[in-house]
Amino acid sequence: MAARDSYSIVEYFGGEDGYKCGYCKRETGNMSLGMWAHVMTVQDYQDLIDRGWRRSGKYVYKPVMNRTCCPQYTIRCHALRFQPSKTQKKVLKKVGKFLLSGRLPQGEAEEPMDLHCKGEQETATACRSKVSTLDEGSLVVCEQADEEAEPTRTCGEELEVEPPAEKATPVATPKPGFGADPHRPPCRKAKEMRRERRLQKLLQKQQAGGITQAPPAPSPSVPAKSIKELIAESLPTEVASQLEVRLVRSSPASSQFNATFQDSYQVYKRYQMAIHKDPPDKPSESQVRLVPVSSDDPQFSATYSQSAALYARYQIAIHKDSPADCSDSEAECPPGGPECGYGSFHQQYWLDGKIIAVGVIDILPSCVSSVYLYYDPDYSALSLGTYSALREIAFTQQLQESSAQLCFYYLGFYIHSCPKMRYKGQYRPAELLCPETYAWVPIERCLPKLQQSPYSRFHELPNADDENRLTELGRVQVLYRRTIMPYRVYERKRRGASDEECVRQYAELVGQTCAERMVLYRA
């Protein structure tokens, strides 16, 4: 990703045709619109995912929520207030026991994260043939094209329906070994029964001795342990196997990333073959990177010099940078940001000197966004999908200590119509993005509506609207014939049929702020 004070160049494709849904398997049910990011800044991508966009490599897409078969709602967890559930704590303990003994748990844990929608990746591959090569030669920034033109500026439970009341029938005594005896009291937890017996004994002693004082007040509750403390407890000092998590930058690729890439690729290949049943020749090295910019991508290589030239001219003309300041090869490490900087990273899970799992993440100004996870199928019994999510939430908390704004963990899309994808709602407190107002709403208020309909508006005020909706189409920034200009200028210069409908659709989807800050390429 490019620097935050830089620019984004995108090429919008739209995409009205449906394709096969990876969740319900309907052949043409999945509907989404997409664009190719020649260059993408972290701030622009942060604003895009807050409007329901998501990336797969350099392809950025947004589901058509009211038309797609399985609506996909952006979901985030407030990392600073996160408290793991009992099930999530068990996963930490399971990993800790494995490290202590070196023996994998019996049986395989069912990982809901294994269900992955491939439609977006296939659409991204198809769009590569449509991506334009930016024109060579000098590129010009149109700052003041006319008197009015302005310079370009920088899982809930299923609801059960009660059947109608019927005439009462006598309860038959079940046969031995078939269900609970309805004539006996329901089973209770042994812990509760022991507590009651202790209280009864205490009261009997007090009555026998003539003491009338009330029983002692319950002791104050112990504060719940944080996820950091629970992870630390799950990593004992004396272990049979050593687990280490390493963060390596994938864009621009660091030396550690390049040195370990083949090891990571072999894990990805085994994962795709075992979990997604891909043939051996299908998982490619370019898929492993899953980053917006890859130096091995032929489309990127073909357009890199033009993009770099445009970047330099834009920065010099608009931001008054010197030519030496216009290098886009450096990682983003702005003041006030995390020490590792912003951008795309791989979190590698090393067990006794070998990679067993890789979490692909984006570190953005307000969040850590989980992109993808792949792992060695031999270790599927460790529930690495859940374990990696807990480690990424703890990592978000760590980054927030040096970057106050960075306090959310984005889990991608929540798909209520697909029961296997509801697990993302278990990382609480969670919020879903309203598909019409783009406001964040607590998931507890969204679930009742999703039980009624797969698509729903979450905002409770009927008159609430998108605060960043498109208001001025003429201010949309366009790249046309090596020149950046407002759309109202481009409209006068363009020859041929009008493309206003396409540009308007793009601007409405990205919002007024991004439409004025990003640059839309037009052939």
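Arg 481 sits in the loop that links strand S14 (477-480) to strand S15 (483-486). In this predicted model, the phi angle of Arg 481 is near 55°, a positive value in a residue other than glycine. Arg 481 is also exposed, with a relative accessible area of 56%. If you have the backbone torsions open, this residue is a friendly place to start.

Another residue to look at in this way is Lys 277. Its phi is near 60°, again a positive value in a residue that is not glycine. You will find Lys 277 in the loop running between helix H7 (261-275) and helix H8 (285-289). With a relative accessible area of 64%, Lys 277 counts as exposed, because the cut-off for that label is over 50%.

Let us stay in this part of the chain and turn to helix H7, where Met 273 has its place. Met 273 is partly exposed, at a relative accessible area of 33%. Setting aside neighbours within four places in sequence, Met 273 is in contact with Asp 278, Pro 279 and Pro 280. There is also a distance to note here: the C-alpha atoms of Met 273 and Pro 283 are separated by 8.1 Å, and these two residues are 10 residues apart along the chain.

Now step back and take in the whole chain. It holds 13 helices and 16 strands. Of its 523 residues, 49% count as buried. The accessible surface of the chain comes to about 26,900 Å², and 51% of that belongs to carbon and sulfur atoms.

Which peptide bonds deserve a look at omega? A cis bond joins Ser 251 and Pro 252, with omega at about -5°. Pro 252 lies in the loop between strand S7 (243-251) and helix H6 (255-259). A cis peptide bond also joins Arg 428 and Pro 429, where omega is about 0°. Pro 429 belongs to the loop between strand S11 (408-414) and strand S12 (430-433).

Gln 347 is part of strand S8 (residues 343-351). Is Gln 347 buried or exposed? At 4% relative accessibility, Gln 347 counts as buried, since the label applies under 20%.

Next comes a buried residue in a helix. Ile 49 has its place in helix H1, and its relative accessible area is 2%, so Ile 49 is buried. Beyond residues up to four places away in sequence, Ile 49 touches Thr 74, Leu 364, Cys 367, Tyr 410 and Leu 433. As for Thr 74, it is 25 residues from Ile 49 in sequence, while the two are 7.6 Å apart in space, C-alpha to C-alpha.

Helix H1 also leads us to helix packing. Two packed helices are described by the angle between their axes and by the distance between those axes. The axes of helix H1 (residues 42-49) and helix H13 (residues 500-517) come within 10 Å of each other and cross at roughly 165°. Because angles over 145 degrees count as roughly antiparallel, H1 is roughly antiparallel to H13. The crossing of H1 and H13 is left-handed. On the H1 side, Gln 43, Asp 44, Asp 47 and Leu 48 meet Val 510, Cys 514 and Arg 517 of H13. Sorted by class, this contact has three nonpolar, one polar and three charged residues.

The last stop is another helix pair. How do the axes of helix H2 (residues 86-101) and helix H10 (residues 384-400) cross? They come within 10 Å and cross at roughly 100°. H2 and H10 are therefore roughly perpendicular to each other. The contact is made by Gln 88, Val 91, Leu 92 and Val 95 of H2, together with Thr 386, Tyr 387 and Leu 390 of H10. By class, the contact of H2 with H10 has five nonpolar, two polar and no charged residues, whereas the contact of H1 with H13 includes three charged residues.

How values were computed:
Residues numbered from 1 in each chain as written. Predicted model: local features only at pLDDT ≥ 70, side-chain atom pairs only at ≥ 80, totals over all residues. Heavy atoms only, no water. Axes fitted to C-alpha atoms, helices over the stretch in contact; angles between N-to-C directions. Helix = DSSP H or I, 4+ residues; strand = E, 2+ residues; numbered from the N terminus. Parallel < 35°, antiparallel > 145°, perpendicular 65-115°, else oblique. Left-handed = near helix turned anticlockwise from the far one by under 90°. Contact = heavy atoms within 4.5 Å. Nonpolar A, V, L, I, M, F, W, Y, C, P; charged D, E, K, R; others polar. Buried < 20%, exposed > 50% of the residue type's maximum accessible area, 1.4 Å probe, protein only. Areas by Shrake-Rupley, 256 points an atom, 1.4 Å probe, with all protein chains shown as cover.
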